[in-house]
Amino acid sequence: MKILGIETSCDDTGIAVYDEKKKIIINELRKQKIHSKYGGVVPELAAKNHVSNIEFLIKKISLNYKFDLNKIDAIAYTAGPGLLKSLIVGSTFGTSLSYFLDIPLIAINHMEGHLLSPLITKKIDFPFLCLLISGGHTQLVVAKKFGEYKIIGDTLDDAIGEAFDKVANFLGLKYPGGEKISRLAKFGIPKSYSLPIPMIKNKKDMNFSFSGLKTATKNLITSVRITKKVKSNICRSFQETVVKMLLIKCKRAINFTKINRICVSGGVSSNSFLRKSFKSFANETNTKIFFANKEYCTDNAAMIAYAGYLHFKKKKNFQKNLEIFFDPNWSIENSHKNF
Ligand code: KG4
Ligand code: ZN
């Protein structure tokens, strides 16, 4: 059984194939570099580029992998959450292709894709907690079983990736800046600056906030003379503060739910310092921590194809012929919607 995955929720275009026996056999991604000169994603440009990228990638898998599209059993595509115009491209393409090939079409929630991404390569039993940290989301989710998800913590303002990107911007680093911050932070001295850890006073609160930390970091940047060394130290301190807050919230979620298995996924989970800190936390607290392989952390179609495979087995989220479904604000809690 083979499932084709299509990802077009933001600016990266992904096409992948999940094979029941061999797992991920194709995972192709085209990044859109053009947005870096605007300091963030321009929705119209993202959608326009998805159109040409999808065509390019479909041709590529047919030519380079000699993959025959007639061998696909179903198509899974990202239907939300994400940028409206980007979602329209993927959903229209997926719907047309499923009609043409006369195979089922499955709408996948992008956040469910991230949540399930560690399971592509690891056996993880439900229930588990999932810390979803991406460019658009910061959520703590209880995954009771496949399809039953409850958000127990959410961000009150910026998403974590957004905070990384904005701080990077203050430091003159190009969008997307998360990875650039983590690379610079490696050269920084630990605990160089003391930044406020947001939202920790109320001991039961599992929500997140990044605007205060973002402003404090901005004020720090404007109050010092920026050299290469100072830049690295600021990146290091910002990263340390963010990770400290995430660990505090995860600890609360473990106490609250009594679940001691945590998956950490989404683009920010590829951060090496974060991964190392969570592993130490796991050792100290008898918690099991799971990450997706790095190529499945930032946006990719492999996680969509894999989620599609799980839905296909349960015959969930199958769509009616030629009904084009997408929802830019689709919550993970309703991701197993009946079509
Ligand atoms: O999951 P993702 O690819 O897209 C969304 O669904 O939003 O996440 C993208 C975000 C960006 O904000 C990017 O700066 C951040 O993930 N990111 C990182 C790292 N790699 C990507 N943040 C911190 N450290 C990294 N190594
Ligand atoms: Zn994502």
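## Close-up views

Glutamate 28 has a relative accessible area of 10% and is therefore buried (buried means under 20% relative accessible area, exposed over 50%, partly exposed in between, with a 1.4 Å probe and protein chains only). The model is predicted: local features need pLDDT of at least 70, side-chain atom pairs count only at pLDDT 80 or more, and totals for chains, interfaces and linings use all residues. Residues are numbered from 1 along each chain as its sequence is written, chains are lettered from A and ligands numbered from 1 in the order in which they are written, and side-chain values use heavy atoms, with hydrogens and water left out.

**View 1. Salt bridge between lysine 60 and glutamate 28.** The N to O distance of this pair is 2.9 Å (a salt bridge is a side-chain nitrogen of Lys or Arg within 4 Å of a carboxyl oxygen of Asp or Glu). Lysine 60 belongs to helix H1 and glutamate 28 to strand S3, so the pair links distant parts of the chain, 32 residues apart (helices, H or I with at least four residues, and strands, E with at least two, are DSSP runs numbered from the N terminus). Lysine 60 is partly exposed, at 24%.

**View 2. Salt bridge between lysine 31 and aspartate 12.** The two side chains meet at 3.5 Å, N to O. Lysine 31 lies in the loop between strand S3 (23-30) and helix H1 (43-63), and aspartate 12 in the loop between strand S1 (2-7) and strand S2 (13-19), so the contact ties together parts that are 19 residues apart in sequence. Aspartate 12 is buried at 10% relative accessibility.

**View 3. Further salt bridges.** The count for the model is 13 salt bridges. Glutamate 148 pairs with lysine 145, with the closest N and O atoms 3.6 Å apart. In this pair, glutamate 148 is partly exposed at 35%, and lysine 145 is partly exposed at 48%. Asp158, Glu162, Lys166 and Lys214 form a network of salt bridges.

View 4. Strand S9 (residues 261-265) has 4 of its 5 residues buried, so the rest of the structure largely encloses it. Strand S6 (residues 128-133) runs parallel to S9 and is joined to it by 4 bridges (two strands pair if DSSP finds at least two bridges between them). S9 is also joined by 4 bridges to strand S10 (residues 288-291), again in parallel. Cysteine 263 in S9 stands opposite cysteine 130, and its bridge partner in S10 is phenylalanine 290.

**View 5. Strand S5 and its neighbour S4.** In strand S5 (residues 105-109), 5 of the 5 residues are buried. Leu105, Ala107 and Asn109 cover one side, with Ile106 and Ile108 on the other, and all are buried. Strand S4 (residues 74-80) runs parallel to S5, joined by 5 bridges. Threonine 78 stands opposite isoleucine 108 in S5.

**View 6. Positive surface patch of Lys186, Lys276, Lys279 and Lys294.** Patch residues have over 30% relative accessible area and no salt bridge; like charges are joined within 9 Å, and nonpolar side chains (Val, Leu, Ile, Met, Phe, Trp, Tyr) within 5 Å. Lysine 279 sits in helix H8 (residues 272-285) and is partly exposed at 47% relative accessibility.

How values were computed: Areas by Shrake-Rupley, 256 points an atom, 1.4 Å probe, with all protein chains shown as cover. Lys, Arg positive; Asp, Glu negative; His and termini not counted. Charge placed at Lys NZ, Arg CZ, Asp CG, Glu CD.
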